[in-house]
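This report looks at aromatic rings in a protein, at their surroundings and at the overall build of the chain. Please keep the sequence and the structure in view while reading.

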Amino acid sequence: MKLSESKNRMSWHSEIKSKEGEEMNGQGEERTLNELLQIRREKLESLKKAGKNPYLVEKVHVTHYSQQVKDQFDQLEGMEMTMAGRIMTRREHGKASFINLQDKDGQLQVYIREDRVGQEAYQEFTHYYDIGDLVEVKGEPFRTKRGEISLKASSLRIVSKSLQILPEKWHGLKDTDIRYRQRYVDLIVNPEVKNVFRIRSRVIQSIRSYLDQRDYLEVETPILDTLAGGANAKPFITHHNALDIDMYLRIATELHLKRLTVGGFDRVYEIGRIFRNEGMSIKHNPEFTSIELYQAYADYEEIMELTENLVAYAAMEALGTMKVTYQGQEIDFTPPWKRMTMVEACREFADIDFDAINSEEELKALCKEKHLEIEGEFTKGWVIAEAFETFVEKNLIQPIFITQHPVEVSPLAKRNPDNPSLTNRFEAFVNTWEIANAFSELNDPIDQRERFVEQAKQKAAGSEEAHPYDEDFVNALEIGLPPTGGMGLGIDRLVMLLTDSPSIRDVILFPTMKPLDR
């Protein structure tokens, strides 16, 4: 093994001790590490020469798992069974040894005696097996003198040799950068991480269940498209060689799902990956998972009720409660959630009464007083949106719906009939984060065309996030989109809240990482 190949692993190897019990550091660490890795390869070669190449094993007939043995010990005691998993610890006492075997559910102690497994098998175990190796163990459950449920081995064999060294038991793998880059090691040595992704899976399953029970149809729409629409965001650009055209990874599923609503699917949803070529933070990953849903003949008020009930249902199904603690703050997802217009929120949290501002001079004076910088066209709507983002969002801890957003920042939402400068839109906020965005969908093709034209002007002026002009979508609206309510919800942020995870990278199995050589 070349020294350069071990660079990615040194941050956890620096935390563990060598087999001889000496701390590895500096050049000695690299040398000792490489020696230990070479020993593992020599053990593998010895196994191969003995006709016991572990990589030739194709199948293990596993009959029981660790948690099952513990939960059903009274029924299983003394029963012959087969288990398989990874050696996490080992302790040798002459002609008897103990290992901790880790499988998909957890760990179980295994008791290995020479007189039970045979001298040859026991010597093979003591000479060639290492922590990290995957083994098959046959035996029967029993209680040790200390009362620990264990497996008394009658036979064992190695089924896959680990050629690397796992982080040591007590230190674990703490370096978050390495944890994210080598999630497979993180899952092995930090068992609590598995639970985060089990909860994530249950959340997604529960969302599907909730919508399926309400006659929604799950569909799939393109990830690659010639336009990146459905949101104001910067897309990733790629190139289709056969067609010789640039294409975009989708930034939303919205416009295709609404086309399906035009076509007669009254209730549709899609759970899938979204891609945005923007900044990275504890709340942002370039690719993330969202659910978007659309319901014909519903308005944003009905979708608001569906959203709070959907999230509460997912929390209850995944955790058994609607109340969670996130980073020390209790959050209660129990419906109904509080509702407040964006203008009301600015009045309450920023002491700004936009209803009392009626001229551009007053707006400019406000911006100067509050140190608000407006990008692009200077309008009341843009000032409201900027003030909300600057002063209000940081106060929104408990679940709340913020409604009636300015039309300037809502190019796909239906106007509010009582105030056409605002839209029938809501965003759901929890812990200061937006987790969902929804509105009564704009189905007026003339209005939509005008908004696309305005967005196209912004794009021509240099805005990378402005919405492109989508002629086919306007054509779909001219065919006729029924009154429709739609919603998009960020799965990753929801899972962060439900698992008390401080970073979005903690809830994405393989988050985007900067290459080590950059």
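Tyr469 is partly exposed, with a relative accessible area of 27%, where buried means under 20% relative accessible area, exposed means over 50%, and partly exposed lies in between (1.4 Å probe, protein chains only). The model is predicted, so that local features need pLDDT of at least 70 and side-chain atom pairs count only at pLDDT 80 or more, while totals for chains, interfaces and linings use all residues. Residues are numbered from 1 along each chain as its sequence is written, and side-chain values use heavy atoms, with hydrogens and water left out.

**Aromatic pairs**

Across the whole structure, a search finds twelve aromatic pairs; rings of Phe, Tyr and Trp (its six-membered ring) pair if their centres lie within 6.5 Å, and planes under 30 degrees apart count as stacked, over 60 as edge-to-face and the rest as tilted. Two of these pairs are set out here.

| Pair | Centre to centre | Angle between planes | Kind |
|---|---|---|---|
| Phe333 and Trp337 | 6.2 Å | 50° | tilted |
| Phe452 and Tyr469 | 5.8 Å | 65° | edge-to-face |

Helices (H or I, at least four residues) and strands (E, at least two) are DSSP runs, numbered from the N terminus. Is Phe452 buried or exposed? Phe452 is buried, because its relative accessible area is 0%.

**Charges over rings**

Arg90 lies over the face of Phe125, at 4.5 Å from the ring centre, and Lys370 lies over the face of Phe391, at 5.8 Å from the ring centre. A charge sits over a ring if NZ of Lys or CZ of Arg is within 6 Å of the ring centre and within 35 degrees of the ring normal.

**The whole protein**

The protein has 17 helices and 20 strands, and its C-alpha trace spans about 90 × 55 × 50 Å along its principal axes. Of its 518 residues, 48% are buried. Among contacts (heavy atoms within 4.5 Å) between residues at least 6 apart in sequence, 65% join residues at least 24 apart.
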